[in-house]
Amino acid sequence: MTSRSFLRLALAAAVASGAVTLAALPADASRPSRTVPVRLLALNDFHGNLEPPTGSSGRMVDEHGNTVDAGGAAYVATHMKALADKNTIAVAQGDLIGATPLISAAYHDEPSVEFLGKLGLKVAAVGNHEFDEGYAELRRIMKGGCHPVDGCSPAGEWKGAKFDYVGANVLFKNRHEKTDALAALGGANAAKVRQALSGWGVPALPPVSVKWMNGVPIGFIGLVTQTTPGIVSSEGIKNLTFADEVKAANVASKLLKLVGVKAQVVLVHEGDQVTQGQSPDACSAVPGAGNRIATQVDPEIDVVLSGHSHQAYVCTVKDPAGKDRLFSQGGSFGRVITQVDLKVNARTRDIDRASIVADNHVVTRTVTADPEISAFVETWKERVAPVANKAVGTITADITNTAGPSGESPLGNLIADAQLAATRTGGNAQIALMNPGGVRASLSHASSPAGEGDGVVTYGEAFTVQPFNNLMQVVTLTGAQLKTVLEQQFTGGPNNQAFTKILQPSANFTYTYDNSAPWGSKVSEMKIDGTPVTDAQTIRVAANNFLVGGGDAFLAFRDGTDLWSGPLDIDAFVDHLGKDNPIAPPATGRITVAG
């Protein structure tokens with residue numbers, strides 16, 4: 001067996017998949033000291049945008065400060081081909097799928113994963129949205145097979161991803177499996193492996209992937225935000241735990257070092273916010289969760305490519321040993337490709353950090369769209385067209401998801417009204433609350449893709465607004481519990497809300513909040529149909545299953561009783577859009593801000 005094949009098997013053992021012998025691969029001291037080039041081309045947060053994204057999601061500030069149209073699979077392909085050379089490894093930092101347009105979501109994102117394979121992607125970290133349909137569905141996307149409910153897509157049986165998905169901090173909750181799996185490992189380094197994994201857990205996904213380039217191995221460590229349990233539906237990940245990213249990266253780094261892989265790159269689905277309007281090549285990131293990871297992971301790690309925050313930046317940070325380390329991200333929706341050029345010392349097999357040069361390239365649409373990918377996208381567009389172009393209602397003007405001073409948006413309020421209407425019968429709902437992050441796009445009054453004319457809303461447009469296929473549910477909360485839910489909109493409480501998230505209320509529910517009041521006393525004057533809410537009364541509250549499961553840190557929803565499940569949220573929305581046409585944008589005065 002060649003050392004290269006042996007290394008691959010050794011790394012497979014790191015995921016506790018079977019009996020295999022690990023062996024370190026020391027550098028050959030007799031080889032002359034020379035460097036070999038490697039180019040990384042990275043995408044993050046693609047979210048299935050096979051067609052060019054529209055509105056602000058399809059624009060990007062370029063290196064010259066100009067706002068330009070950007071994104072679209074066929075343009076991504078053209079730019080990737082222009083940037084790639086013989087030294088290239090294509091990688092990604094998660095959320096490639098999930099929260100996707102109908103062209104991809106209708107077929108459980110198989111079209112997007114197939115496109116990424118055609119693009120030459122080799123390894124990707126999982127993002128939180130990779131878990132939108134649960135761990136079992138992610139495994140199907142990785143390995144292949146038809147969907148267990150919807151069956152095969154028009155393309156036939158799914159063959160699986162052509163790239164490696166990695167997630168070092170995704171572990172099974174059942175730690176008993178760890179002992180059984182590690183007992184099967186043999187070889188001289190088995191004890192070292194057990195020591196490296198001591199007190200850790202059983203990986204649910206491969207933690208690392210190694211790709212060879214120009215005779216040297218490059219190790220990629222995958223990480224996903226540890227906040228994943230709070231931002232995906234709980235049922236699909238009930239057997240998983242998401243460990244601290246830094247701790248997981250350090251364990252994975254040790255495993256790579258055990259087998260002689262010193263050139264190490266972290267692909268992490270976590271990142272930071274930026275100062276808006278900056279060049280994508282500027283270090284405009286405001287230090288946050290991404291910076292913590294980038295500065296604290298093991299000094300052996302040379303590069304940290306990030307995602308999740310949908311921002312573009314190129315930064316140099318200090319690692320724990322005081323050395324410079326690249327920390328970057330490339331926007332979202334296929335609007336930016338991050339190019340990282342580096343050199344690896346062939347003798348030591350480590351990256352020469354002084355050689356690292358990074359550049360965020362905006363995926364402009366002024367180039368010729370790749371003909372093969374254009375045809376591929378058109379095929380899937382034709383397949384989904386009968387569903388996407390079906391008219392479901394009309395509106396009198398744009399209904400936007402832009403929040404006003406109270407935190408309400410017209411579209412968020414409209415969705416809450418739709419959810420209340422869909423859950424009154426059967427669920428006996430009295431009010432409805434919608435999470436603002438679930439409202440993914442605005443509704444435009446302009447002509448629809450089907451060409452019906454101004455004001456027509458198609459199913460595809462409605463789906464773009466609500467792409468998660470969450471289940472509508474109703475639970476009983478006391479007035480005091482409902483107040484706690486609303487207090488959990490704000491930072492500073494025990495639920496560790498990262499930033500203020502104002503739930504969108506149905507029209508019959510009003511209240512006041514005071515930002516200057518201490519946490520726990522911010523919300524007052526709750527009323528349902530004009531009647532004040534008391535602490536002791538019981539209220540049937542409608543929300544999607546994401547919120548009812550405690551998503552977005554609204555943990556008080558878990559105290560609800562008498563759970564009732566109803567239609568999908570998209571079905572509730574479409575049904576509401578079909579009534580009382582044309583629909584005008586709802587007012588946003590349901591919440592009063594004190595002072």
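E51 is partly exposed, with a relative accessible area of 31% (buried means under 20% relative accessible area, exposed over 50%, and partly exposed in between, with a 1.4 Å probe and protein chains only). In this predicted model, E51 forms a salt bridge with K381, with 3.5 Å between the closest N and O atoms; a salt bridge is defined as a side-chain nitrogen of Lys or Arg within 4 Å of a carboxyl oxygen of Asp or Glu. The bridge joins distant parts of the chain, as K381 lies in helix α10 (residues 371-388) and E51 in the loop between β1 (35-43) and β2 (59-61), 330 residues apart. Helices (H or I, at least four residues) and strands (E, at least two) are DSSP runs, numbered from the N terminus. K381 is also partly exposed, at 37% relative accessible area.

Residues are numbered from 1 along each chain as its sequence is written. Local features need pLDDT of at least 70 and side-chain atom pairs count only at pLDDT 80 or more, while totals for chains, interfaces and linings use all residues; side-chain values use heavy atoms, with hydrogens and water left out.

The whole structure contains 19 salt bridges. One of them pairs E245 with R292, the closest N and O atoms being 2.8 Å apart. This pair links helix α8 (residues 245-258), which holds E245, to helix α9 (residues 289-296), which holds R292, across 47 residues. E245 is buried at 2% relative accessibility, whereas R292 is partly exposed at 25%. A further salt bridge connects the side chains of K579 and D575 at 3.0 Å, N to O. Both residues count as partly exposed, K579 at 44% relative accessibility and D575 at 43%.

Salt bridges also link R39, D85 and D341 in a network. The side chain of D341 makes a polar contact of 2.7 Å with the side chain of Q339; a polar contact is a pair of N or O atoms within 3.5 Å, where within protein one must be able to donate a hydrogen and the other to accept it, and residues adjacent in sequence count only if both atoms are side-chain atoms. Q339 is located in strand β16 (residues 336-345) and is buried, with a relative accessible area of 9%. Beyond its neighbours within four places in sequence, Q339 is in contact (heavy atoms within 4.5 Å) with R39, L40, L41, L83, V357, A358, D359 and H361.

Aromatic pairs number 9, where rings of Phe, Tyr and Trp (its six-membered ring) pair if their centres lie within 6.5 Å, and planes under 30 degrees apart count as stacked, over 60 as edge-to-face and the rest as tilted. F131 and F242 form an edge-to-face pair, at 5.3 Å centre to centre and 85 degrees between the planes. F131 lies in the loop between β5 (121-125) and α5 (135-143) and F242 in strand β11 (residues 240-242), 111 residues apart. F131 is buried at 1% relative accessibility, as is F242 at 8%.

Two charges were found over rings (NZ of Lys or CZ of Arg within 6 Å of the ring centre and within 35 degrees of the ring normal): R383 over W380, at 4.4 Å from the ring centre, and K501 over F499, at 5.1 Å.

The mean pLDDT of the chain is 90, and 89% of its residues reach 70 or more; pLDDT is the predictor's confidence in each residue, from 0 to 100. Values stay under 50 over residues 1-24, for which the model has 57 contacts beyond four places in sequence. Residues 178-186 also stay under 50, with 22 such contacts. Where pLDDT is low, the predicted coordinates should not be read in detail.
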